[in-house]
Amino acid sequence: MIVLLGVVVFLFAFASSRNANREVSKPNVKFIGENNFFITNETVSKLLIQNFGGVKNVPKETLVLNELENALKSNPMIKTAEVYVAVNGTLNAEIEQKTPIARVSTNASYYIDDEGSYMPLSKNYSARVPLITGYVEKNNLKNVYKIARKIKEDEFLKKHVFEIHQDINKQLFLRLRKCDFIVQLGDENFLNKKINNLKAFYKKNQKDKTLNNYSKVNLQFENQVICTKI
């Protein structure tokens, strides 16, 4: 019995040693989620190689997986990253890319992601999201992020709004597809009420075929819709 136990321990130690020293093969990159357009398999592999001095044919025991994950997550296109080594020595990376919800187009161009953070443009793909124009600071995106997120979550706004404008006083304006008027939201307070007022105005004037009779729809006051005719 003691001999058998000794054999089992020896075999386990031998297998563990072989597994630890198995050389890591070329990285296997898998993208998860729906937004897989902005960064390529080759770019992720290059990041892994750059941050480990070449991960191919490296003994498994020398890999520091947390460092590789942090290196991947430092890329502004990547939201989450999980790196692991399979039993056969394959280095695997599961990547979730960020989701852009608006594109800033001022003196600088970049996306705002669904968590309100900066996201650079991609050479591989351009997202179809509302434009943000006017006065926007990269380190102060709270105002425009709030309305951009509202647009993403609301089917009416997602269908109709193509531009968000923020003036120097942080007052917000919207532009709608196939409409000549500008929508003045004012600040972000009472946003749900203002959007409901916009929907009611749009529905009524669409029915009456009078949407193009206005140059401005002012919603900045909570319980009022003030329209300026052309």
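Analyst: Happy to. Nine strands form an open sheet with mixed pairing, in the order S6-S5-S4-S7-S8-S9-S10-S11-S12. Two strands pair here if DSSP finds at least two bridges between them. Helices (H or I, at least four residues) and strands (E, at least two) are DSSP runs, numbered from the N terminus. Strand S6 (118-119) and strand S12 (226-229) stand at the edges; each has a single partner strand, so one side of each is left without a neighbour in the sheet.

Before going further, a word on the source. This is a predicted model, in which local features need pLDDT of at least 70 and side-chain atom pairs count only at pLDDT 80 or more, while totals for chains, interfaces and linings use all residues. Residues are numbered from 1 along each chain as its sequence is written, and side-chain values use heavy atoms, with hydrogens and water left out.

Now let us step along the sheet from S7. Four bridges join S7 to S8, and these two strands run parallel. Thr 133 has His 165 in S8 as its bridge partner. Gln 166 stands opposite Leu 172 in S9. Next, strand S9 (residues 172-176) is joined by four bridges to strand S10 (residues 182-186), again antiparallel. In that pair, Leu 174 stands opposite Val 183 in S10. As a general point, side chains in a regular strand alternate between the two faces of the sheet.

The turns between these strands deserve a look. S8 and S9 form a hairpin with five residues between them. Lys 170 is found in the loop between S8 and S9, and its phi is near 65°, a positive value in a residue other than glycine. Lys 170 is partly exposed, with a relative accessible area of 33%. On this scale buried means under 20% relative accessible area, exposed over 50%, and partly exposed in between (1.4 Å probe, protein chains only). The loop between S9 and S10 holds Lys 178, which has a positive phi of about 60° although it is not a glycine. Lys 178 is exposed, with a relative accessible area of 83%. For background, most residues other than glycine have a negative phi.

Helix H4 (residues 142-153) lies across strand S4 (100-105), strand S5 (109-113), strand S7 (131-134), strand S8 (161-166), S9 and S10, and runs at about 165° to S8. H6 lies across S9, S10, strand S11 (214-218) and S12, running at about 160° to S10. For these angles, axes are lines fitted to C-alpha atoms, for helices over the stretch in contact, and the angles run from 0 to 180 degrees between N-to-C directions.

Within helix H6 (residues 191-208) we find Asn 205. Asn 205 is buried, with a relative accessible area of 6%. A polar atom of the Asn 205 side chain lies 2.9 Å from the backbone oxygen of Phe 201. Leaving aside residues up to four places away in sequence, Asn 205 touches Thr 210, Leu 211 and Tyr 214, where contact means heavy atoms within 4.5 Å.

For context, there is also an open sheet of three strands, with the order S1-S3-S2 and mixed pairing. Strand S1 (28-32) and S2 stand at its edges, each with a single partner strand, so one side of each is left without a neighbour in the sheet. The twist averages 20° from one strand to the next. H2 packs on the sheet, touching S1, S2 and S3, and its direction makes about 125° with that of S1. S2 and S3 run antiparallel, joined by seven bridges, and the bridge partner of Ile 78 in S3 is Gln 97. H3 lies across S2 and S3, running at about 155° to S2.

Finally, here is the chain as a whole. The protein chain has six helices and twelve strands, and buried residues make up 38% of its 230 residues.

Key:
Polar contact = N/O pair within 3.5 Å; in protein donor to acceptor, adjacent residues only side chain to side chain.
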